[in-house]
Amino acid sequence: MSSNKGHDIKSICRNFQISGDYISAAPYGSGHINDTFEVIINQGGLKVRYILQRINHNIFKNPAALMENVDRVTTHIQKKLSASGEATRRTLSLIRAADGKSYAKDPAGNFWRTYIFVEHTKSYNIIETIEQAFQAAKAFGDFQKHLVDLPGGRLNETIPDFHNTPKRFEAFEKALAADICSRAKSAEKEIKFAIRKKEMAATLLRLCGEGKIPERITHNDTKLNNVLLDEKTGEAVCVIDLDTVMPGLALYDFGDLVRTSTSPAAEDEKDLSQVQMQMHMFEALARGYLDASGEFLTKTEVEYLPFSGKLITFEIGLRFLTDYLSGDTYFKIHREGHNLDRCRTQFKLVESIEAQEDEMQELIKNI
Ligand code: ADP
Ligand code: GN1
Ligand code: MG
(Lines give C-alpha, C1' and ligand atoms only; values in the text may rest on other atoms or scores of the structure.)
(Ligands and ions follow the chains in the order given, each with its own letter.)
Protein backbone atom coordinates (compact mmCIF):
# COMPACT_ATOMS: atom_id res chain seq x y z
CA MET A 1 0.00 0.00 0.00
CA SER A 2 2.79 2.43 0.85
CA SER A 3 4.05 2.41 -2.74
CA ASN A 4 0.62 3.74 -3.69
CA LYS A 5 0.96 6.85 -1.55
CA GLY A 6 -0.92 5.28 1.33
CA HIS A 7 -4.11 4.65 -0.64
CA ASP A 8 -5.91 1.31 -0.57
CA ILE A 9 -6.38 1.18 -4.33
CA LYS A 10 -7.97 -2.26 -4.32
CA SER A 11 -10.87 -1.16 -2.16
CA ILE A 12 -11.22 2.14 -4.05
CA CYS A 13 -11.62 0.11 -7.25
CA ARG A 14 -14.56 -1.72 -5.69
CA ASN A 15 -16.44 1.58 -5.76
CA PHE A 16 -16.34 1.60 -9.56
CA GLN A 17 -18.20 -0.50 -12.10
CA ILE A 18 -15.14 -2.59 -12.92
CA SER A 19 -15.73 -6.31 -13.27
CA GLY A 20 -13.01 -8.92 -12.72
CA ASP A 21 -10.28 -9.45 -10.15
CA TYR A 22 -7.88 -6.77 -8.97
CA ILE A 23 -4.25 -7.68 -9.73
CA SER A 24 -2.13 -4.60 -8.98
CA ALA A 25 -1.76 -0.84 -9.09
CA ALA A 26 1.18 1.53 -9.44
CA PRO A 27 1.74 5.31 -9.72
CA TYR A 28 1.75 6.38 -13.35
CA GLY A 29 2.75 9.33 -15.56
CA SER A 30 4.44 12.60 -14.74
CA GLY A 31 1.64 15.10 -14.10
CA HIS A 32 2.29 17.87 -11.57
CA ILE A 33 -1.16 17.90 -9.98
CA ASN A 34 -3.22 14.73 -9.50
CA ASP A 35 -2.22 11.28 -8.21
CA THR A 36 -2.50 8.94 -11.18
CA PHE A 37 -2.42 5.12 -10.94
CA GLU A 38 -2.30 2.38 -13.51
CA VAL A 39 -4.60 -0.38 -12.26
CA ILE A 40 -4.50 -3.92 -13.66
CA ILE A 41 -7.60 -6.12 -13.49
CA ASN A 42 -7.98 -9.75 -14.51
CA GLN A 43 -11.03 -10.00 -16.72
CA GLY A 44 -11.58 -13.59 -17.83
CA GLY A 45 -7.86 -14.25 -18.07
CA LEU A 46 -7.10 -10.98 -19.83
CA LYS A 47 -5.13 -8.26 -18.08
CA VAL A 48 -7.06 -5.05 -18.57
CA ARG A 49 -5.64 -1.67 -17.54
CA TYR A 50 -7.47 1.34 -16.14
CA ILE A 51 -6.38 4.84 -15.16
CA LEU A 52 -7.45 5.69 -11.63
CA GLN A 53 -6.92 9.25 -10.41
CA ARG A 54 -7.21 11.04 -7.13
CA ILE A 55 -8.30 14.57 -7.90
CA ASN A 56 -6.14 17.10 -6.09
CA HIS A 57 -8.86 18.83 -4.08
CA ASN A 58 -6.45 21.35 -2.57
CA ILE A 59 -6.19 22.77 -6.06
CA PHE A 60 -9.61 21.89 -7.47
CA LYS A 61 -11.90 23.15 -4.72
CA ASN A 62 -15.07 21.67 -6.18
CA PRO A 63 -14.32 18.20 -7.60
CA ALA A 64 -18.02 17.46 -8.20
CA ALA A 65 -18.37 20.52 -10.45
CA LEU A 66 -15.13 19.55 -12.19
CA MET A 67 -16.44 16.04 -12.85
CA GLU A 68 -19.71 17.46 -14.17
CA ASN A 69 -17.61 19.29 -16.81
CA VAL A 70 -15.60 16.18 -17.65
CA ASP A 71 -18.76 14.12 -17.96
CA ARG A 72 -20.46 16.66 -20.25
CA VAL A 73 -17.41 17.14 -22.44
CA THR A 74 -16.54 13.46 -22.86
CA THR A 75 -20.18 12.46 -23.47
CA HIS A 76 -20.53 15.16 -26.14
CA ILE A 77 -17.35 14.19 -27.98
CA GLN A 78 -18.21 10.50 -27.75
CA LYS A 79 -21.56 11.15 -29.41
CA LYS A 80 -19.79 12.95 -32.26
CA LEU A 81 -17.34 10.11 -32.68
CA SER A 82 -19.85 7.29 -32.31
CA ALA A 83 -19.90 6.59 -36.04
CA SER A 84 -16.11 6.23 -36.15
CA GLY A 85 -16.08 3.03 -34.10
CA GLU A 86 -13.34 4.60 -31.95
CA ALA A 87 -15.42 6.69 -29.56
CA THR A 88 -13.73 5.23 -26.47
CA ARG A 89 -10.23 5.63 -27.87
CA ARG A 90 -10.40 9.10 -29.39
CA THR A 91 -11.68 10.69 -26.20
CA LEU A 92 -11.47 9.88 -22.50
CA SER A 93 -14.21 7.52 -21.26
CA LEU A 94 -15.28 7.53 -17.65
CA ILE A 95 -16.02 4.32 -15.81
CA ARG A 96 -19.00 5.09 -13.56
CA ALA A 97 -18.94 4.62 -9.83
CA ALA A 98 -21.13 1.93 -8.28
CA ASP A 99 -23.84 4.54 -7.60
CA GLY A 100 -23.75 5.76 -11.20
CA LYS A 101 -21.86 8.97 -10.44
CA SER A 102 -18.79 10.04 -12.45
CA TYR A 103 -16.60 9.88 -9.33
CA ALA A 104 -16.37 8.08 -5.98
CA LYS A 105 -15.35 9.42 -2.57
CA ASP A 106 -13.17 7.44 -0.17
CA PRO A 107 -13.52 7.47 3.64
CA ALA A 108 -10.67 10.03 3.87
CA GLY A 109 -12.66 12.48 1.73
CA ASN A 110 -10.65 12.03 -1.47
CA PHE A 111 -12.37 12.17 -4.86
CA TRP A 112 -11.50 9.41 -7.33
CA ARG A 113 -12.32 8.81 -10.99
CA THR A 114 -11.55 6.00 -13.40
CA TYR A 115 -10.91 6.14 -17.13
CA ILE A 116 -10.55 3.47 -19.76
CA PHE A 117 -6.81 3.11 -20.37
CA VAL A 118 -6.10 4.28 -23.92
CA GLU A 119 -3.77 1.51 -25.04
CA HIS A 120 -0.98 1.55 -27.65
CA THR A 121 -0.27 5.23 -27.15
CA LYS A 122 2.54 7.32 -25.70
CA SER A 123 2.74 10.75 -24.15
CA TYR A 124 5.91 12.81 -24.45
CA ASN A 125 7.45 15.25 -22.01
CA ILE A 126 9.84 16.59 -24.65
CA ILE A 127 9.07 17.17 -28.31
CA GLU A 128 11.12 15.02 -30.69
CA THR A 129 9.77 15.52 -34.22
CA ILE A 130 7.84 18.09 -36.24
CA GLU A 131 5.18 15.45 -36.92
CA GLN A 132 4.52 15.21 -33.16
CA ALA A 133 4.17 18.98 -32.98
CA PHE A 134 1.73 18.98 -35.90
CA GLN A 135 -0.30 16.11 -34.45
CA ALA A 136 -0.50 17.56 -30.93
CA ALA A 137 -1.60 20.98 -32.17
CA LYS A 138 -4.17 19.48 -34.53
CA ALA A 139 -5.58 17.36 -31.69
CA PHE A 140 -6.08 20.39 -29.43
CA GLY A 141 -7.55 22.36 -32.36
CA ASP A 142 -9.97 19.50 -33.08
CA PHE A 143 -10.82 19.33 -29.40
CA GLN A 144 -11.90 23.00 -29.45
CA LYS A 145 -13.82 22.42 -32.65
CA HIS A 146 -15.75 19.50 -31.12
CA LEU A 147 -16.83 21.69 -28.23
CA VAL A 148 -18.08 24.66 -30.24
CA ASP A 149 -21.64 23.28 -29.99
CA LEU A 150 -21.54 21.79 -26.48
CA PRO A 151 -25.11 21.93 -25.16
CA GLY A 152 -26.12 22.73 -21.59
CA GLY A 153 -24.81 26.22 -20.91
CA ARG A 154 -21.49 27.53 -19.65
CA LEU A 155 -19.07 25.04 -18.10
CA ASN A 156 -18.07 25.39 -14.46
CA GLU A 157 -14.88 27.36 -13.81
CA THR A 158 -12.81 24.70 -12.06
CA ILE A 159 -10.08 27.21 -11.14
CA PRO A 160 -11.28 30.80 -11.41
CA ASP A 161 -8.87 33.18 -13.19
CA PHE A 162 -6.69 30.27 -14.22
CA HIS A 163 -5.09 32.17 -17.11
CA ASN A 164 -5.62 35.67 -15.75
CA THR A 165 -1.99 36.72 -16.10
CA PRO A 166 -2.37 40.07 -14.24
CA LYS A 167 -3.83 38.16 -11.26
CA ARG A 168 -0.97 35.67 -11.51
CA PHE A 169 1.36 38.67 -11.36
CA GLU A 170 -0.39 39.97 -8.24
CA ALA A 171 0.02 36.57 -6.61
CA PHE A 172 3.72 36.71 -7.44
CA GLU A 173 4.04 40.19 -5.91
CA LYS A 174 2.34 39.00 -2.73
CA ALA A 175 4.60 35.95 -2.47
CA LEU A 176 7.61 38.17 -3.01
CA ALA A 177 6.53 40.67 -0.35
CA ALA A 178 5.96 37.85 2.15
CA ASP A 179 9.03 35.85 1.15
CA ILE A 180 8.09 33.29 3.81
CA CYS A 181 10.99 30.95 3.02
CA SER A 182 13.59 33.71 2.55
CA ARG A 183 14.15 32.49 -0.98
CA ALA A 184 13.84 35.81 -2.83
CA LYS A 185 17.58 36.34 -2.60
CA SER A 186 18.26 33.14 -4.51
CA ALA A 187 15.90 34.19 -7.32
CA GLU A 188 16.96 37.80 -7.75
CA LYS A 189 17.57 37.54 -11.46
CA GLU A 190 14.23 35.86 -12.14
CA ILE A 191 12.34 38.35 -9.97
CA LYS A 192 13.89 41.25 -11.92
CA PHE A 193 12.97 39.58 -15.19
CA ALA A 194 9.35 39.12 -14.11
CA ILE A 195 9.03 42.76 -13.08
CA ARG A 196 10.62 43.94 -16.34
CA LYS A 197 8.12 41.93 -18.39
CA LYS A 198 5.03 42.84 -16.40
CA GLU A 199 3.56 45.08 -19.10
CA MET A 200 2.70 42.18 -21.40
CA ALA A 201 0.51 40.46 -18.77
CA ALA A 202 -2.82 42.15 -19.57
CA THR A 203 -2.66 41.96 -23.37
CA LEU A 204 -5.04 39.05 -24.08
CA LEU A 205 -7.60 40.06 -21.46
CA ARG A 206 -7.58 43.58 -22.94
CA LEU A 207 -8.23 42.23 -26.45
CA CYS A 208 -11.05 40.11 -25.04
CA GLY A 209 -12.53 43.10 -23.23
CA GLU A 210 -12.43 45.07 -26.49
CA GLY A 211 -14.37 42.30 -28.21
CA LYS A 212 -11.47 41.42 -30.54
CA ILE A 213 -11.12 37.85 -29.31
CA PRO A 214 -14.04 35.73 -28.10
CA GLU A 215 -14.51 33.49 -25.12
CA ARG A 216 -14.58 29.83 -26.17
CA ILE A 217 -14.50 26.45 -24.51
CA THR A 218 -10.82 25.71 -24.20
CA HIS A 219 -8.64 23.02 -22.67
CA ASN A 220 -6.33 25.42 -20.80
CA ASP A 221 -3.59 22.88 -20.08
CA THR A 222 -2.37 21.86 -23.52
CA LYS A 223 1.08 20.75 -22.54
CA LEU A 224 2.53 18.16 -24.81
CA ASN A 225 2.10 15.27 -22.36
CA ASN A 226 -1.63 15.92 -22.19
CA VAL A 227 -2.18 14.35 -25.60
CA LEU A 228 -1.68 10.65 -26.33
CA LEU A 229 -0.06 9.75 -29.65
CA ASP A 230 -0.37 6.35 -31.32
CA GLU A 231 2.78 4.37 -30.43
CA LYS A 232 3.15 3.02 -33.98
CA THR A 233 1.86 5.69 -36.36
CA GLY A 234 2.51 8.76 -34.18
CA GLU A 235 -0.96 10.03 -34.96
CA ALA A 236 -2.69 11.99 -32.19
CA VAL A 237 -5.27 9.73 -30.59
CA CYS A 238 -6.68 11.32 -27.46
CA VAL A 239 -6.61 14.63 -25.60
CA ILE A 240 -6.43 13.97 -21.84
CA ASP A 241 -6.26 15.90 -18.54
CA LEU A 242 -9.64 17.59 -18.83
CA ASP A 243 -9.67 19.17 -15.36
CA THR A 244 -9.29 22.70 -16.67
CA VAL A 245 -11.64 22.49 -19.66
CA MET A 246 -13.74 25.60 -19.15
CA PRO A 247 -14.42 29.00 -20.69
CA GLY A 248 -11.16 30.51 -21.94
CA LEU A 249 -9.33 31.94 -24.92
CA ALA A 250 -8.10 29.86 -27.86
CA LEU A 251 -4.77 31.64 -27.49
CA TYR A 252 -4.24 30.10 -24.04
CA ASP A 253 -4.25 26.70 -25.69
CA PHE A 254 -1.98 27.60 -28.57
CA GLY A 255 0.33 29.48 -26.20
CA ASP A 256 0.85 26.47 -23.96
CA LEU A 257 1.62 24.34 -27.01
CA VAL A 258 4.38 26.77 -27.94
CA ARG A 259 5.63 26.64 -24.36
CA THR A 260 5.83 22.85 -24.23
CA SER A 261 6.45 21.79 -27.82
CA THR A 262 9.01 24.08 -29.40
CA SER A 263 12.03 23.66 -27.12
CA PRO A 264 14.19 20.53 -27.15
CA ALA A 265 14.83 20.85 -23.41
CA ALA A 266 12.86 19.48 -20.46
CA GLU A 267 10.70 21.85 -18.45
CA ASP A 268 13.17 21.51 -15.57
CA GLU A 269 16.42 21.43 -17.60
CA LYS A 270 19.32 22.97 -15.67
CA ASP A 271 21.46 23.68 -18.71
CA LEU A 272 19.68 26.76 -20.03
CA SER A 273 21.73 26.82 -23.21
CA GLN A 274 19.54 23.95 -24.37
CA VAL A 275 16.33 25.96 -24.07
CA GLN A 276 15.21 27.60 -27.29
CA MET A 277 12.17 28.21 -29.45
CA GLN A 278 12.78 26.20 -32.60
CA MET A 279 11.14 27.76 -35.65
CA HIS A 280 10.48 24.46 -37.42
CA MET A 281 8.53 23.21 -34.40
CA PHE A 282 6.57 26.48 -34.24
CA GLU A 283 5.70 26.13 -37.90
CA ALA A 284 4.46 22.57 -37.39
CA LEU A 285 2.35 23.68 -34.41
CA ALA A 286 0.83 26.56 -36.35
CA ARG A 287 0.06 24.32 -39.33
CA GLY A 288 -1.49 21.61 -37.15
CA TYR A 289 -3.51 24.03 -35.07
CA LEU A 290 -4.78 26.06 -38.04
CA ASP A 291 -5.60 22.87 -39.91
CA ALA A 292 -8.25 22.19 -37.27
CA SER A 293 -9.20 25.66 -36.06
CA GLY A 294 -8.48 27.89 -39.05
CA GLU A 295 -12.15 27.89 -39.99
CA PHE A 296 -13.37 29.42 -36.73
CA LEU A 297 -10.47 31.58 -35.45
CA THR A 298 -10.79 35.34 -35.85
CA LYS A 299 -8.18 37.47 -37.60
CA THR A 300 -6.94 38.84 -34.28
CA GLU A 301 -6.59 35.36 -32.80
CA VAL A 302 -4.43 34.30 -35.73
CA GLU A 303 -2.38 37.48 -35.49
CA TYR A 304 -1.62 36.87 -31.81
CA LEU A 305 -0.54 33.22 -32.14
CA PRO A 306 3.18 34.04 -31.72
CA PHE A 307 2.53 36.44 -28.85
CA SER A 308 0.40 33.84 -27.03
CA GLY A 309 3.44 31.56 -26.83
CA LYS A 310 5.44 34.29 -25.14
CA LEU A 311 2.66 35.25 -22.74
CA ILE A 312 1.71 31.76 -21.59
CA THR A 313 5.37 30.80 -21.14
CA PHE A 314 5.81 33.95 -19.05
CA GLU A 315 2.67 33.16 -17.06
CA ILE A 316 3.69 29.60 -16.20
CA GLY A 317 7.22 30.79 -15.38
CA LEU A 318 5.66 33.31 -13.01
CA ARG A 319 3.58 30.55 -11.39
CA PHE A 320 6.68 28.38 -10.85
CA LEU A 321 8.49 31.38 -9.33
CA THR A 322 5.52 32.18 -7.08
CA ASP A 323 5.38 28.56 -5.91
CA TYR A 324 9.13 28.59 -5.23
CA LEU A 325 8.80 31.74 -3.15
CA SER A 326 5.78 30.31 -1.31
CA GLY A 327 7.50 27.06 -0.30
CA ASP A 328 6.40 24.67 -3.09
CA THR A 329 2.78 24.17 -2.10
CA TYR A 330 1.20 23.86 -5.57
CA PHE A 331 3.30 21.94 -8.11
CA LYS A 332 4.71 18.55 -7.16
CA ILE A 333 8.49 18.85 -6.80
CA HIS A 334 11.12 16.12 -6.89
CA ARG A 335 14.21 18.02 -5.78
CA GLU A 336 15.25 21.17 -3.98
CA GLY A 337 14.90 24.27 -6.13
CA HIS A 338 12.79 22.35 -8.65
CA ASN A 339 10.29 25.15 -9.15
CA LEU A 340 13.09 27.70 -9.56
CA ASP A 341 14.71 25.50 -12.21
CA ARG A 342 11.36 25.28 -13.98
CA CYS A 343 10.93 29.04 -13.78
CA ARG A 344 14.36 29.57 -15.30
CA THR A 345 13.62 27.45 -18.38
CA GLN A 346 10.37 29.32 -18.91
CA PHE A 347 11.98 32.75 -18.71
CA LYS A 348 14.77 31.64 -21.02
CA LEU A 349 12.15 30.48 -23.49
CA VAL A 350 10.34 33.83 -23.24
CA GLU A 351 13.58 35.52 -24.30
CA SER A 352 14.04 33.09 -27.14
CA ILE A 353 10.49 33.67 -28.41
CA GLU A 354 10.91 37.42 -28.12
CA ALA A 355 14.09 37.32 -30.20
CA GLN A 356 12.21 35.48 -32.97
CA GLU A 357 8.77 37.05 -32.70
CA ASP A 358 8.95 39.00 -35.98
CA GLU A 359 9.97 35.92 -37.88
CA MET A 360 7.19 33.91 -36.23
CA GLN A 361 4.73 36.61 -37.27
CA GLU A 362 6.00 36.47 -40.85
CA LEU A 363 5.58 32.71 -40.88
CA ILE A 364 1.96 32.93 -39.70
CA LYS A 365 1.22 35.42 -42.49
CA ASN A 366 2.55 32.95 -45.01
CA ILE A 367 0.57 29.94 -43.81
P1 ADP B 1 -2.13 15.48 -14.18
O2 ADP B 1 -3.31 16.38 -14.07
O3 ADP B 1 -1.52 15.19 -12.88
O4 ADP B 1 -1.17 16.00 -15.19
P5 ADP B 1 -3.05 13.57 -16.21
O6 ADP B 1 -4.53 13.44 -16.32
O7 ADP B 1 -2.38 14.39 -17.23
O8 ADP B 1 -2.69 14.07 -14.72
O9 ADP B 1 -2.44 12.09 -16.22
C10 ADP B 1 -1.07 11.84 -15.97
C11 ADP B 1 -0.50 10.94 -17.04
O12 ADP B 1 -1.21 9.66 -17.06
C13 ADP B 1 -0.62 11.44 -18.47
O14 ADP B 1 0.44 12.29 -18.81
C15 ADP B 1 -0.62 10.15 -19.28
O16 ADP B 1 0.69 9.68 -19.47
C17 ADP B 1 -1.33 9.16 -18.37
N18 ADP B 1 -2.78 9.00 -18.70
C19 ADP B 1 -3.81 9.75 -18.21
N20 ADP B 1 -5.00 9.31 -18.66
C21 ADP B 1 -4.74 8.23 -19.45
C22 ADP B 1 -5.56 7.29 -20.19
N23 ADP B 1 -6.89 7.38 -20.19
N24 ADP B 1 -4.94 6.31 -20.88
C25 ADP B 1 -3.58 6.20 -20.86
N26 ADP B 1 -2.76 7.03 -20.19
C27 ADP B 1 -3.32 8.05 -19.49
C1 GN1 C 1 0.19 21.52 -14.46
O2 GN1 C 1 -1.47 18.82 -14.53
P3 GN1 C 1 -0.35 19.10 -15.48
O4 GN1 C 1 0.95 18.60 -14.99
O5 GN1 C 1 -0.75 18.64 -16.87
C6 GN1 C 1 -0.70 22.74 -14.33
C7 GN1 C 1 -0.62 23.58 -15.60
C8 GN1 C 1 0.83 24.00 -15.82
C9 GN1 C 1 1.71 22.76 -15.89
C10 GN1 C 1 3.16 23.13 -15.96
C11 GN1 C 1 -4.20 22.44 -12.98
O12 GN1 C 1 -0.26 20.71 -15.54
O13 GN1 C 1 -1.42 24.73 -15.48
O14 GN1 C 1 0.94 24.72 -17.02
O15 GN1 C 1 1.52 21.94 -14.70
N16 GN1 C 1 -2.09 22.33 -14.10
C17 GN1 C 1 -2.83 22.95 -13.18
O18 GN1 C 1 3.90 22.03 -16.38
O19 GN1 C 1 -2.42 23.89 -12.51
MG1 MG D 1 -1.35 16.21 -17.22
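Tutor: Start with a definition: a residue is near a molecule if one of its heavy atoms lies within 4 Å of it. Keep in mind that this is a predicted model.

Now take ligand 2. There are 17 residues around ligand 2. Those that come nearest are His-32, Lys-223, Glu-267, Arg-319 and Tyr-330. Helix H10, which spans residues 305-325, gives the most to this shell. Its share is three residues.

Next, the polar contacts. His-32 uses its backbone: a polar atom there is 2.8 Å from an oxygen atom of ligand 2. Arg-319 uses its side chain, where a polar atom lies 2.8 Å from an oxygen atom of the ligand. Asn-226 also takes part through its side chain. One of its polar atoms there lies 3.0 Å from an oxygen atom of ligand 2.

How much of ligand 2 does the protein cover? On its own, ligand 2 has 440 Å² of accessible area, and the protein covers 98% of that. As for the site, ligand 2 sits in the largest pocket.

For contrast, turn to a residue in another helix. Arg-287 is found in helix H8, residues 279-293. Is Arg-287 buried, exposed or partly exposed? The relative accessible area of Arg-287 is 39%. Buried means under 20% and exposed means over 50%, so Arg-287 counts as partly exposed.

Leaving aside residues up to four places away in sequence, Arg-287 touches Phe-134 and Ile-367. Phe-134 is 153 residues from Arg-287 along the chain, yet their C-alpha atoms are separated by 6.6 Å.

Key: Residues numbered from 1 in each chain as written. Chains lettered and ligands numbered in written order. Predicted model: local features only at pLDDT ≥ 70, side-chain atom pairs only at ≥ 80, totals over all residues. Heavy atoms only, no water. Helix = DSSP H or I, 4+ residues; strand = E, 2+ residues; numbered from the N terminus. Buried < 20%, exposed > 50% of the residue type's maximum accessible area, 1.4 Å probe, protein only. Contact = heavy atoms within 4.5 Å. Polar contact = N/O pair within 3.5 Å; in protein donor to acceptor, adjacent residues only side chain to side chain. Areas by Shrake-Rupley, 256 points an atom, 1.4 Å probe, with all protein chains shown as cover. 1 Å grid on protein atoms, 1.4 Å probe; cavity = no way out; pocket = protein on both sides within 12 Å on 5 of 7 lines; lining within 4 Å. Sits in = over half its atoms within 2 Å of the grid points.
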